Every structure is written in C-alpha cells, then in structure tokens.
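Me: I'd like to learn to read this structure one step at a time. Please show it to me, and let's begin with a single residue.

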Amino acid sequence: MSANTTIEWTRNDDGTPGRTWNPATGCTKISVGCDNCYAETIAERFRGYAAFPNGFDVQVRANKVNDPLTWRKPTRVFVNSMSDMFHADIDQAWIADVFAVMAAAQKHTFQLLTKRHARMRSLLNSPEFIAQVRSRALGKGLPADQWQWPIANLWLGVSVENQEWADIRIRPLMQTPAAVRFLSCEPLLGPIKLHRGHTHCPTHDFPGGFCTGGCPDLIAPNWVIVGGESGRKARPMDPQWATSLRDQCAEADIPYFFKQWGEWAPSGYLVIRSRPEPGSVLVGDPVDDLGHRIELRRVGKKAAGRELDGLEHNAFPEPR
C-alpha cells in the first residue's frame, strides 16, 4: 500500500516520482466524480487476494500507518490514493494517528485529497482532535518545540468536478486550517467558476474574485489541478472548461497544473457536423458565428498527453 507513483502532481521538485501511502483503503461513492473510480476498479479486480482481501470495503491498514517514518529520502506523498481519509467508517482516533505520522515525518510533504469536506472541516477545527494529533505525534518522536497546527508539511485538497460540487466543497476547505489548500478538478465534468458568489468583501473593500486581505471565507486556494477522465467509461472534457480555469487562475495568481486530457483529446478540428463520427464527440456550444464546434477523439491517455493549447502547465504552490 506504499509505492512510487507516476501521478504527475505528486512528483518531486527534481522530477523523481513521489509516493503513495495508504493507511486505509476502500470507499463508497458520494458524487458524480466517483462514478468511474480507478481505485475501486483495482481493488475489486483483486478482491480475495493478499493486497485486497476485502476488495474496496473500507478498512484500516495498521501495518502501514508508520511507513513514512521509515523513509530516508524526502518525498511528496499522496495520502490515501485508494480511499478517503474522512470517510464515516474510519474512526477518529485512526485519523488522528495518521495526522500524527504526518506531523512527525517533517522531511516529507503530504498531499491529502477528500470529497468529505464537512468531516474534514469539523475535525481539523476541533480542539479535541488537535490535542489527539499532538499527543500521538510526540509519541512518534516529534520534539515538543516543533509541534505546530496546521501541520506545515500537509497540503489539504478537495475534489470539485463541476460547479455544483465547487459551490459545496470550496468554502469548507477555505474554513479548514492548512499550510496549502488545493482543488483537484479531476475528472473535470463541467465548467467551474471558482469565486462564484464572492462578488465583494466588505471588510477589505475588495470587489470581485478572491479577497487578498485574509478573510477565511474568501481567500483563494493555493493550487488548482485540472484533468480529464481516463478508463474504459471515461467521459470527455470540454477544452473550454480547462482553459477557463487556467485563465481564472492566471487572473487570481493561483498556480495551475494541467494533469492530463484523459481518454479524449481535441482532434484539432472545428466541425459543423450535427452528429459525431465513430470514435469522436462534439462538445460545448458553437465557438463562432458559423456554428463550428470542438471535436474530441478517443485516442487513449498516453496519446492524448498533457498539453493545453500547446503547453504543459506544471505549476506547484508555495506553502504559506
């Protein structure tokens, strides 16, 4: 459950692969972004075998929780790539133990992504939970004078696949203490306006966009990741959804990372056909007065690549 990973946004600054760490595995679907979950596919494929004896049922992995404390080389670590740390079936004490490991393993940078925004916000603002984490971190070797909250080497993110879930999940993330807050818009299944509803900050007289004066409800995320879906049942991503987020990030000075097109990629053609040809789809509204629409073709993840408008976007955040 701990291994090197090819996930692009978990790679290290020197280009070497980061790692995944799964002190828990298994999950249940909670929104449309879960429909084609790759983790479920893998776990169920190997149900009954040593790696996943219970398939994708939620279970903690007691023999894996302290693994990062044994890794000598500093690395980025994607936490629970095969689960959701804030799932209701994962006990609070176990979550505290995982957070204690991250606090004690200061040489590593941990990336934790969730769709359970409410429990995340509740626990990480709870004095009881914070005290649990501190006590356990000291027990795992963290010097008392190096304890801090939020954990300095933890990047905390939420998945936002469309506007509905952006509206639901972004505000709780902004209300949760974290050194870095990020959004994973993957699979991106619809257009997203990041600062929808935040039109004016009365405290700092900041019109439009994100407040830069430190308001917890209006502060911008530190990082945005965008990607299309891969896998047999992958849904196509309209290029205009990805470029809109790129432009919003540029305007708000937010690092933008384009992970992949996924299975579907722009063919390079604008077409007027009302029906797509086999192996292609037409997406979005017409892009000009002639009625041209963007054509996507199913070419596979590798062939689709990672370029958006001819460029790779590989920005990473700076912890605040």
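Me: Which residues does His87 touch, not counting residues up to four places away in sequence?

Reply: Let's start with what touching means: a contact has heavy atoms within 4.5 Å. Once residues up to four places away in sequence are set aside, the partners of His87 are Cys27, Thr28, Val58, Arg116 and Arg119.

Me: Before we go on, what kind of model is this?

Reply: Residues are numbered from 1 along each chain as its sequence is written, and side-chain values use heavy atoms, with hydrogens and water left out. Local features need pLDDT of at least 70, side-chain atom pairs count only at pLDDT 80 or more, and totals for chains, interfaces and linings use all residues, in what is a predicted model.

Me: Is His87 buried or exposed?

Reply: His87 is found in the loop between E5 and H2. The labels are DSSP runs numbered from the N terminus, with helices (H or I) of at least four residues and strands (E) of at least two. Under 20% relative accessible area means buried, over 50% exposed, and in between partly exposed (1.4 Å probe, protein chains only). His87 has a relative accessible area of 4%, so this residue is buried.

Me: How do H2 and H3 lie, roughly parallel or roughly perpendicular?

Reply: The axes, which are lines fitted to C-alpha atoms over the stretch in contact, are compared by an angle from 0 to 180 degrees between N-to-C directions. For H2 and helix H3 (residues 117-124), the axes come within 12 Å and cross at roughly 70°. Angles under 35 degrees count as roughly parallel, over 145 as roughly antiparallel, 65 to 115 as roughly perpendicular and the rest as oblique, so H2 and H3 are roughly perpendicular.

Me: Nice! Which residues in H3 do Gln92, Ile95 and Phe99 meet?

Reply: Gln92, Ile95 and Phe99 belong to H2. Across from them, in H3, are Arg119, Leu123 and Leu124.

Me: How many residues apart are Asp13 and Arg76, which meet in a salt bridge?

Reply: A salt bridge is a side-chain nitrogen of Lys or Arg within 4 Å of a carboxyl oxygen of Asp or Glu, and the side chains of Asp13 and Arg76 are joined by one at 2.9 Å, N to O. Asp13 is in the loop between strand E1 (2-4) and strand E2 (19-21), while Arg76 is in strand E5 (residues 76-79). Asp13 is exposed at 71%, whereas Arg76 is buried at 8%. The pair links distant parts of the chain, and the separation is 63 residues.

Me: Which residue forms a salt bridge with Asp97?

Reply: Asp97 lies in helix H2 (residues 92-104) and its partner in helix H4 (residues 127-139), so the pair ties together parts that are 39 residues apart in sequence. The closest N and O atoms are 3.4 Å apart, and the partner is Arg136.

Me: How many salt bridges does a search of the whole structure find?

Reply: Some are linked in a network, made by Glu8, Glu186 and Lys259. Arg306 also forms one with Glu312, with closest N and O atoms 3.2 Å apart. For the whole structure, the search gives 17.

Me: Last one: how far apart in space are Arg19 and Ala103?

Reply: Arg19 sits in strand E2 and is partly exposed at 23%. Arg19 and Ala103 are 84 residues apart in sequence. In space, C-alpha to C-alpha, the distance is 17 Å.
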